[in-house]
2 protein chains.
Amino acid sequence: MSNYNLKEIDTRAPKDVEKKHIKEATEKIVDDLNELQNLLYAEGKHAILVVLQGMDASGKDGAILNVFGRMNLQGVDVVSFKVPTAEELSHDFLWRIHKNAPAKGRIQIFNRSHYEDILVTRVHGWCDYDLAKKRMQAINDFEKLLQKHNCTQILKFYLHTSEKEQQERLQERVTNPQKMWKYNERDFEEAKLRSKYYEMYQDCFKNCNNPEWIIVPSDQNWYKEYVIAKTLRDTLKKLDMKYPSLASEKPKSE
Amino acid sequence: MSNYNLKEIDTRAPKDVEKKHIKEATEKIVDDLNELQNLLYAEGKHAILVVLQGMDASGKDGAILNVFGRMNLQGVDVVSFKVPTAEELSHDFLWRIHKNAPAKGRIQIFNRSHYEDILVTRVHGWCDYDLAKKRMQAINDFEKLLQKHNCTQILKFYLHTSEKEQQERLQERVTNPQKMWKYNERDFEEAKLRSKYYEMYQDCFKNCNNPEWIIVPSDQNWYKEYVIAKTLRDTLKKLDMKYPSLASEKPKSE
């Protein structure tokens, strides 16, 4: 299913889950994750690419801190894609992305990603529909390259927050001294474009759906972290990895 | 036309061309090229990727020296793709290639290229037919990305030499002190696989044919250089480039 209507998708945890239980479950999963990451690194056969997208203040930084924060730094990297530099603009839009694709054995986290080239750019009219279509095709080809030619598992998370929650978080950046560094006056203007963003996100969920996007209810951080951690844990478990023995061969590349 | 039979294609200049005239023509073209490269750099709208492939001793280095050697270094780069490093092998086979794709305004020369991943690897059985097919698809997607998303003109040259000429050149590496540094005992073994190489090259001309490969008769360096220089000059001329005026806008990226 990739025909999402974001306005109809809940931004909060299901009513029947209990915060206390979920937090305990997350703790356990994060421990599992650290063990699985070590195995991923040791085996060196698979690469993991985690794409985090969401409106401003949807909690991407917090997710990185709390889900991945205890992993062994040696095998995990985060890259934040900001406004492209002059050098990046002199190349195709996937050039800076490909450079940062994960090596086998590693987890690469994209804090925003190549998807901004069909999201913020479309919302502001810097990228029209025809170009967006071409870019979506290029993105699909690119993700297929990573999957088929470097054993890469791609996990694409959309952190889904309500307008009300976003406003509160943006407001906190104005008043909380520890959060003021994140304040950007344009964020309030950008937040007004929510329904335009929804439209573009939905188009991208529909057209760039291999793998499908995971919509993460993110108004409550404890639930958001649970969903991300659990999805990653389940993905890693399915890889059926093994610690190489002394006699193991070097991993094959494709 | 991309169904080539290399055994039937001449490795020497057509009978009716005269070395003296061709060399004069090449001189003139190389001058034009330097002017056109300056324009390419100044305009900053297009990128040029020149792929040089050929058997050992087919004259790739000489072509780089004599066709591109007088251009402004600031706008031309050469990269030689050797046996992949451990870091390169931990990524998909196009990762190291994409990193070296040309920026707008620049000429990038690939001395060997991503095509080795479906040539030498197939000749030696490190890459089977199924994997080769997948790689060819990935190569086509990748070249389309450069063409459509960074205004890149790709020129793919196969430097075609005869077995006799190759043997003489390899032998010269054994006897000429200035060429001994290029000597590699395995080259003689590799040369014996010529018909296997032909088969793989023909498959790649057929399946990766956008743009079509240019087969360059390369037994005589003066003719080889003429064909490469002329093809590049004609390609640059067709771009209809203009020096930006003071009032020009910044180039659009796609």
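Is B:D31 buried, partly exposed or exposed? With a relative accessibility of 46%, B:D31 counts as partly exposed, a value that comes, like every other one in this report, from a predicted model.

## Salt bridges within the chains

Side chains of opposite charge can pair when their charged atoms come close. Over all chains, the structure holds 41 salt bridges, and a few of them are described here. B:D31 meets the side chain of B:R70 in a salt bridge, with 3.9 Å from N to O. This pair links distant parts of the chain, since B:D31 belongs to helix α1 (residues 19-43) of chain B while B:R70 sits in the loop between α2 (60-68) and β2 (76-80) of chain B, 39 residues apart. B:R70, at 46% relative accessibility, counts as partly exposed.

In chain A, the side chains of A:R106 and A:D77 form a salt bridge at 2.8 Å, N to O. A:R106 lies in the loop between α4 and β3 of chain A and A:D77 in strand β2 of chain A, so the pair ties together parts that are 29 residues apart in sequence. A:R106 counts as partly exposed at 21% relative accessibility, and A:D77 counts as partly exposed at 30%. Another salt bridge joins B:K242 to B:D240, with the closest N and O atoms 3.7 Å apart, and both of these residues are exposed.

## Helix α1 of chain A

Helix α1 of chain A covers residues 19-43, which makes 25 residues, and its span of 35 Å from the first C-alpha to the last is close to the 36 Å expected at 1.5 Å a residue. Just after this helix, A:G44 takes a positive phi of about 65°. The buried residues of α1(A) include A:I22, A:I29, A:L33, A:L36 and A:L40, and what covers the buried residues of the helix includes β1 (47-54), α2 (60-68), β2 (76-80), β3 (107-111) and α10 (221-238) of chain A.

A:D32 is also found in helix α1 of chain A, and at 18% relative accessibility this residue counts as buried.

## Where the two chains meet

The contact between the chains draws 27 residues from chain A and 27 residues from chain B. About 2200 Å² is buried between chain A and chain B, and carbon and sulfur atoms give 58% of that area. On the side of chain A, the residues that lose the most area to chain B are A:D92, A:H98 and A:H149, together 24% of what that side buries.

Across this interface there are 19 residue pairs in polar contact, and 1 salt bridge is found. B:D141 forms a salt bridge with A:K144, the closest N and O atoms being 4.0 Å apart. The elements giving two or more residues to the side of chain A that touches chain B are α4 (95-99) and α6 (129-150) of chain A, and the largest share, 12 residues, comes from α6(A).

A search of the whole structure finds 0 disulfides over all chains. B:C127 is in no disulfide, as the nearest cysteine sulfur, that of B:C208, is 11 Å away, and B:C127 counts as buried at 4% relative accessibility. The sulfur of B:C151 is 14 Å from the closest cysteine sulfur, in A:C127, which is too far for a bond, and B:C151 counts as partly exposed at 23% relative accessibility.

Key
Residues are numbered from 1 along each chain as its sequence is written. Chains are lettered from A and ligands numbered from 1 in the order in which they are written. This is a predicted model: local features need pLDDT of at least 70, side-chain atom pairs count only at pLDDT 80 or more; totals for chains, interfaces and linings use all residues. Side-chain values use heavy atoms; hydrogens and water are left out. A disulfide is a pair of cysteine sulfur atoms within 2.5 Å. Buried means under 20% relative accessible area, exposed over 50%, partly exposed in between (1.4 Å probe, protein chains only). Helices (H or I, at least four residues) and strands (E, at least two) are DSSP runs, numbered from the N terminus. The expected span of a helix is 1.5 Å times one less than its number of residues. Contact means heavy atoms within 4.5 Å. Buried area is the accessible area (1.4 Å probe) that two parts lose on being put together, summed over both. A polar contact is a pair of N or O atoms within 3.5 Å; within protein, one must be able to donate a hydrogen and the other to accept it, and residues adjacent in sequence count only if both atoms are side-chain atoms.
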